[in-house]
Amino acid sequence: MNETENIELDMRILNGNDRTYTSITDLYNVHIFTDADMQEFWTKKKEEDYYYNGINRIMFLEKKQKEELAIQDKLFLDEVSLSPKQEILDSASKLNEGVLFVVILTVVVFILGMVRYNIHRAIRRKKDANIGDFYQ
């Protein structure tokens with residue numbers, strides 16, 4: 001409460017009819033966005049970032065390093081032989097089988113559609129031929 005009691009407002013500004021603009025911060029000599037204030041802000045921000053990064057390193061990096069060492073210890077215990085060619089050939093053969101199945105299915109459906117179309121066309125032609133023959 002002591003700090004707020006010491007604030008005194010300059011009422012001359014309100015009484016004057018000058019159409020000049022004076023900001024409150026300039027009037028009471030309170031500088032918010034000066035270079036010194038911004039420098040102080042960035043210094044504090046860097047200190048906080050360094051502090052929190054240190055906490056992250058302590059908490060998470062040690063745990064991560066322990067996990068990586070455990071994985072590396074297990075990784076080189078057994079001799080493992082990998083054959084990437086076999087994996088590629090297996091996936092390629094599965095892909096080829098799928099493509100072949102789709103092509104065969106498409107050809108069968110197309111042939112069945114053509115047969116059905118020709119049968120119905122022949123039936124329609126016979127109907128049209130019989131309707132057009134009035135003297136039978």
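Predicted model: local features only at pLDDT ≥ 70, side-chain atom pairs only at ≥ 80, totals over all residues.
**View 1. The aromatic pair of Phe-41 and Trp-42**. A search of the whole structure finds two aromatic pairs, and one of them joins Phe-41 and Trp-42, whose ring centres lie 5.2 Å apart with their planes at 70°, so that the pair is edge-to-face. Phe-41 is partly exposed, its relative accessible area being 45%, and Trp-42 is also partly exposed, with a value of 43%.

**View 2. The aromatic pair of Tyr-51 and Tyr-52**. Here the ring centres of Tyr-51 and Tyr-52 are 5.2 Å apart and the planes meet at 70°, so this pair too is edge-to-face. Tyr-51 has a relative accessible area of 52% and is therefore exposed, since the exposed class begins over 50%, whereas Tyr-52, at 49%, is partly exposed.

**View 3. The salt bridge between Lys-44 and Glu-40**. The structure holds two salt bridges, and in the one shown here the closest N and O atoms of Lys-44 and Glu-40 are 3.3 Å apart. Both residues belong to helix 4 (residues 35-75), and because they are four residues apart there, about one helical turn separates them. Lys-44 is partly exposed at 47% relative accessibility, as is Glu-40 at 43%.

**View 4. The salt bridge between Lys-45 and Asp-49**. In this salt bridge, the closest N and O atoms of Lys-45 and Asp-49 lie 3.8 Å apart. These two residues, Lys-45 and Asp-49, are four residues apart in helix 4, which means that about one helical turn lies between them. Lys-45 counts as partly exposed at 34% relative accessibility, and Asp-49 is likewise partly exposed, with a relative accessible area of 35%.

Conventions
Residues numbered from 1 in each chain as written. Heavy atoms only, no water. Phe/Tyr/Trp six-rings, centres within 6.5 Å; stacked < 30°, edge-to-face > 60°. Buried < 20%, exposed > 50% of the residue type's maximum accessible area, 1.4 Å probe, protein only. Salt bridge = Lys/Arg side-chain N within 4 Å of Asp/Glu carboxyl O.
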